[in-house]
Each structure stands twice: as structure tokens, then as C-alpha cells.
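Thanks for coming. I will take you through one model this morning, and I will keep to what can be read from the coordinates.

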Amino acid sequence: MLALQAPAAVAERLWPGIAWPALMPGHGLPTTEIAGDFVLLDHLGAAEETWGRDAPLANLGQDWWVFACSGTGDAWLLSRDQQQTVAFLDHAAGPDALPQLLGIDAGQWLQLADLMAQLEAAQDQGLALAPQALALMEQLAPGLSAHYPYSLV
């Protein structure tokens, strides 16, 4: 069975003894693969991704910074304001890439990453729990399943 976990509980499991912080450039967390498409970057990797991507329309460094990436070259963005809004940046769009808002914040992103890790583990065991994952995504943030950039099957 899949379940949503509180951001603090997920953080404690991933980084024992380190409280889930408000993410910002210069955070002290190590690079961590949470799930296949959810790799949280350490502060140096985040800076390299933010300034090294060719996506001028995304205003990286000014409005957004790359805090995580996928295994396929896509990026997870975090707004540079106090809202901690998360967006997705599709690398396939190249220089025309624009942030795709997901309606979640950094804590909810961590919950989503943990949910996808649970789903991947279930799928590895032959369990088909994509419908349950979609329902939990809607619990996390209404409309999230429609905006989620990857297929669950």
C-alpha cells in the first residue's frame, strides 16, 4: 500500500538527524536520489545546473533555481521567493523551455518524490498501484496528477 508521509518524516528517513529545511541556494543537504526522476542536488550541483542550463525563457537564477533533476535531464525548479513554489522544466523543449507550475511547494515535492519511490518499489514487485498513486497525488494537491510530467505506467 502506498501512503503519503509528512515531509519531516521523509527527511528524517533520508537524512537522519537533519531537519527538512526551507530549501534555498546554499542548503546543506547532499545529492540524494529519492526516486528515479527525483534527484535532490547538493548546493554545488544545484548552482551548476541553474547557471549551466540553456533555458533563457525560464529566468533561471533570477526567478527560479534548479534544486533537483531527473534521470533523463529534466529539472525541478524552486521559486526564489518565500513561497517555495515548485515547477518542472522539460529539457526536450531546449532553449524555449518554460517552467511548468505543479501547484506544490518544496515540502510537497519531497512527499511526491517519496510517493514515487514507493510506487517504483511496488512496481518492482509486480504490483500495479498507479491508480492509487494518482489518487494520493490528488490528496497532496488537487490537480497535481494532471500536471505531473511523467506517465505512471
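First, the ground rules. This is a predicted model, where local features need pLDDT of at least 70 and side-chain atom pairs count only at pLDDT 80 or more, while totals for chains, interfaces and linings use all residues. Residues are numbered from 1 along each chain as its sequence is written, and side-chain values use heavy atoms, with hydrogens and water left out.

Now the sheet. Helices (H or I, at least four residues) and strands (E, at least two) are DSSP runs, numbered from the N terminus. Here 6 strands make an open sheet in the order 1-2-3-4-5-6, with antiparallel pairing. Two strands pair if DSSP finds at least two bridges between them. Which strands stand at the edges? They are strand 1 (32-35) and strand 6 (100-105); each has a single partner strand, so one side of each is left without a neighbour in the sheet. Neighbouring strands are turned by 40° against each other on average, direction ignored. The axes behind such angles are lines fitted to C-alpha atoms, for helices over the stretch in contact, and angles run from 0 to 180 degrees between N-to-C directions.

Let me go through some of the pairings. Strand 2 and strand 3 run antiparallel and are joined by 2 bridges, and L40 stands opposite A68 in strand 3. Between strand 3 and strand 4 there are 5 bridges, again antiparallel, with C69 opposite A75 in strand 4. These two strands form a hairpin with 5 residues between them, and G73 in the turn has a positive phi of about 100°. Strand 4 (residues 75-79) and strand 5 (residues 85-89) are joined by 4 bridges and run antiparallel; the bridge partner of L77 in strand 5 is A87.

How much of strand 3 is covered? It is mostly covered, with 6 of its 6 residues buried. Buried means under 20% relative accessible area, exposed over 50%, and partly exposed in between, using a 1.4 Å probe and protein chains only.

Next, the helix across the sheet. Helix 3 (residues 106-124) has 19 residues and reaches 27 Å from its first C-alpha to its last, close to the 27 Å expected at 1.5 Å a residue. That expected span is 1.5 Å times one less than the number of residues. At the N-terminal end, D105 caps helix 3, with a side-chain oxygen 3.1 Å from the backbone nitrogen of G107. After helix 3 comes G126, whose phi is positive, near 85°. Helix 3 lies across strand 1, strand 2, strand 3 (64-69), strand 4, strand 5 and strand 6, running at about 65° to strand 1.

On to the rings. Rings of Phe, Tyr and Trp (its six-membered ring) pair if their centres lie within 6.5 Å; planes under 30 degrees apart count as stacked, over 60 as edge-to-face and the rest as tilted. The structure holds 8 aromatic pairs. One of them is F38 with W109, a tilted pair at 5.4 Å centre to centre and 50° between the planes. This pair links distant parts of the chain, with F38 in strand 2 (residues 38-40) and W109 in helix 3, 71 residues apart. F38 counts as buried because its relative accessibility is 0%, and W109 is buried, also with a relative accessible area of 0%. Y148 and Y150 make an edge-to-face pair, 5.8 Å centre to centre with 70° between the planes, and both are buried. Ring pairs link F38, W65, F67, W76, F88, W109, Y148 and Y150 into a cluster.

H27 is in the loop between helix 1 (7-14) and strand 1, and it counts as buried because its relative accessibility is 5%. What does the side chain of H27 reach at 3.0 Å? It reaches the backbone oxygen of L41, and a polar atom of the H27 side chain also lies 3.0 Å from the backbone nitrogen of L29. Leaving aside neighbours within four places in sequence, H27 is in contact (heavy atoms within 4.5 Å) with L41, D42, H43 and W65.

T50 lies in helix 2 (residues 43-52) and, at 5% relative accessibility, counts as buried. A polar atom of the T50 side chain lies 2.8 Å from the backbone oxygen of A46. Not counting residues up to four places away in sequence, T50 touches L60, G61, W64, W65 and V66.

Key. A polar contact is a pair of N or O atoms within 3.5 Å; within protein, one must be able to donate a hydrogen and the other to accept it, and residues adjacent in sequence count only if both atoms are side-chain atoms.
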